[in-house]
Amino acid sequence: MDAMHRTLKYRVERELLDEKSLEEVAQRKTWSDTHPSMKEHLKDSLRCTVPALKRRLVSILPVLYWLPKYSVWDYGMPDLISGISVGIMHLPQGMAYALLASLPPVIGLYTSLYPGLIYIFFGTSRHISIGTFTVLSIMVGSVTERLAPDMDFLIVNGTNITAEVDITARDSYRVQVAAATTVLGGLIQVALGLVKFGFVGTYLSEPLVRAYTTAAAVHAVVAQLKYIFGVSPTRFSGPLSLIYTLKDVCLLLPHTHLPTLVVGVVSMVFLIATKELNSFLSSKLPVPIPVELITIVAATLISSYSHLNSNYTVSVVGEIPSGLSSPSAPDFWIFGEVVGDAFALAIVGYAISISLGKTFALKHGYKVDNNQELVALGLSNTVGGFFHCYSVCPSMSRSLIQETTGGKTQMAGLASALIVLVTILKLGPLFQELPKAVLAAIVFVNLKGMFKQYSDIVTLWKSSKIDLAIWFITWVSTLLFNLDMGLAASIAFAMLTVILRTQMPTYSVLGNIPGTELYVETETYREAREIPGITIFRSSATVYFANADLYLEALKEKSGLDITKMIIYKRRQEAKQKRRERRAERRARRQAKRERQASKAAVQPAAEKEEAGRWSDTHIDSDVTEEEEQDWSERENGTVFVIPTTPETPDGHCRWEYLKGGDQDGTSLGWMSESQDGDTTTLGSVSEDTLSRDLEQVSLGSLGKWTWDIHSIIIDLSTANYIDTVAIKTMKNIFRDFSEIDVDIYLAGCQASVVEQLEIGDFFSKSITKRHLFASIHDAVLYCLDHRGATSLPRFKPSNDRDTSTKL
């Protein structure tokens, strides 16, 4: 026992010493010490030294970091093989995805060339392949067809309008729209990167991105149906446009062009068969078989020699100009009409880029800079827009090929760009007879991986219902509201789930694991025991304006103390006590008066005096009001309120004690009473034959499962990383209300930033000082026990058949 006393004394002294040290540190550290002024920030940012200049140049142009260290002997051949493999994939994907964007196929080749070259200089990922991507192609296609529909380019012949569309004028304007949207999206990405807004991608959770790409795959399929069936459905825009387009395609199925359908089906069967063979032989092949390239070469040769376009009216790619196009500024007047689409393209493209980049960086042990990736992608889009490119981002399939074929650095991107450049300069016209149905088949087959993401529904159902709700809402909203509005609705719903989860955290009461300094949830861990007289309260979420009221209500519920009722009861009891005192004074005065009258009227008959005395006592007792006889048996959460027998202090206050627990109907507490002139002072006391019982005779066993006097509440704030003004006011109200019923409040586990915010919010005062703060729950418990006169922590003997980590 002496050792326990010494340990307790040491721990309390240690806590007090830490507390003083904390106050001294807080006094030494002022606001100016921890928060430099704007002038100092500006001065530091403008200070230029040779090492600082070098670091800034390297951060702006990462190529200056890795290119001088590049080893041709170690990395040259792997990068060359990887680049050629990826370049071969760029050719069919570039032309096929250009159809998704409703642009000429050559624009897809331009998009596979220029942005990738820009990324080599500014990017920090070594394995991603920048170029065309399904989702962004569909998003660009929705913009181009909305602003440049076929109806606006019908050929006028005199007074008659024919059904023929001026394809040259339409495609030219669509290229301008796509370029303007791309440049604006790139400028948005650069601006966000310069202001260090790279963390914006973290708001797009993995379930949201996967559901979004899955829904985009449905849009891609519907958009390519017209090329597979050889029909011309009406183009719809706005909400439910996907439903209307699919309905129109179904109505046109009787008019399917059979030669086109045959070409598309045969191409899909060939692609699926060869890809499966490619997967089966992947372990034995040093380089994957270029399935798409073989398909388009074979289809082009067959179409050229069989004259599919002239003999069977199969739609082909058409003229592909050779050579590079000269750069030109986009039409800036279009910016106002595409700003929303550009922002959506910027966010989606960056989210896909950073997710792929971090995946490969984690696998190969290097770091990807979020903000620099945003700048690099933005510059790729901005510069590419001046060369008639549309929005780009990495492709999962190309990036995997670049990584699995041994690519080591961004030089692999240079090799793939050379393959595309040669194709544009010399080989482009050879693909003029390529059927568009073949490109549509390539899109269909490449979407297989996205459609496999429907298996996420089963996985999320087992792991997280909230993430499943995000997945489902994202998928539905993207299908119904199109890609831009669907993305906005998805992000809004994801943010709403975050707010709802912070408003519905887990509130728990902590108990001590016997023999340790650990405090865990009593409802989860069987061995946890609450400290007699102390309630330790914890919330799993940060306290802020959205859940401050819920936090206070949960504290009342978990502590078993209804502050409002207790304060009302206390004030009424104090009022009754004052009335008793006044009645006692009146009774004393009347008694003195009766004595004086008795001495004067000693000659009166004894019977008359006795009758007068009975009448007087009856009259005095009738002063008891109905309110004083009210039954206070109703209790909240099994809380019992007791006025002790200790006398009042000179300031008129007395010490209150509260017993928590007991049965809800109050039957086991009926014998607890104290009567003063017929008034009941203990809830549930209505019997008149137990007035002589002493309150101290109450045993814990008679009050229910677990019961003790509550004198302290410890609030664990270790889960809070910040605290706002509303939460500070709530904490002040907690201290004020509980102090009125003589319950002490302490805060434990506050982070330094939270303490600083409490200071700024004027939380501390004469009644609430830093002596109410403790570094840990255990220190707070030791202080409470010492402050209330307890000798040590209660000793519990854990059962042998239970482990302290066993959960219910």
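Of the 808 residues in this protein, 46% are buried. Bear in mind that this is a predicted model.

**Overall picture**
- Take the contacts between residues at least 6 apart in sequence: 81% of them join residues at least 24 apart.
- The protein's accessible surface comes to about 41500 Å², and carbon and sulfur atoms account for 61% of that.

**Nonpolar cores**
- The largest nonpolar core has 105 residues, and Met-139, Ile-296 and Leu-439 have the most contacts inside it.
- Helix H15 (residues 335–364) gives this core its largest share, with 15 residues.
- Leu-439, one of those top-contact residues, touches Pro-92, Met-95, Ala-96, Leu-99, Ile-296, Val-317 and Leu-434, once you leave aside its neighbours within four places in sequence.
- Another core, of 33 residues, lies apart from that one and includes Leu-561, Ile-563, Ile-710 and Phe-763.

**Helix H11, a two-sided case**
- H11 covers residues 241–251, and its buried residues are Ser-241, Leu-242, Thr-245, Asp-248 and Val-249.
- Looking down the axis of H11, you'll find those buried residues within an arc of 130°, so they line one face of the helix.
- Lys-247 and Leu-251 are exposed, and they sit on the face of H11 turned away from its buried side.
- Helix H10 (206–229) and helix H22 (465–503) are among the elements that cover the buried residues of H11.

Conventions:
Residues numbered from 1 in each chain as written. Predicted model: local features only at pLDDT ≥ 70, side-chain atom pairs only at ≥ 80, totals over all residues. Heavy atoms only, no water. Buried < 20%, exposed > 50% of the residue type's maximum accessible area, 1.4 Å probe, protein only. Contact = heavy atoms within 4.5 Å. Areas by Shrake-Rupley, 256 points an atom, 1.4 Å probe, with all protein chains shown as cover. Helix = DSSP H or I, 4+ residues; strand = E, 2+ residues; numbered from the N terminus. Arc of directions from axis to C-beta. Core = buried A, V, L, I, M, F, W, Y, C linked by side-chain atoms within 4.5 Å.
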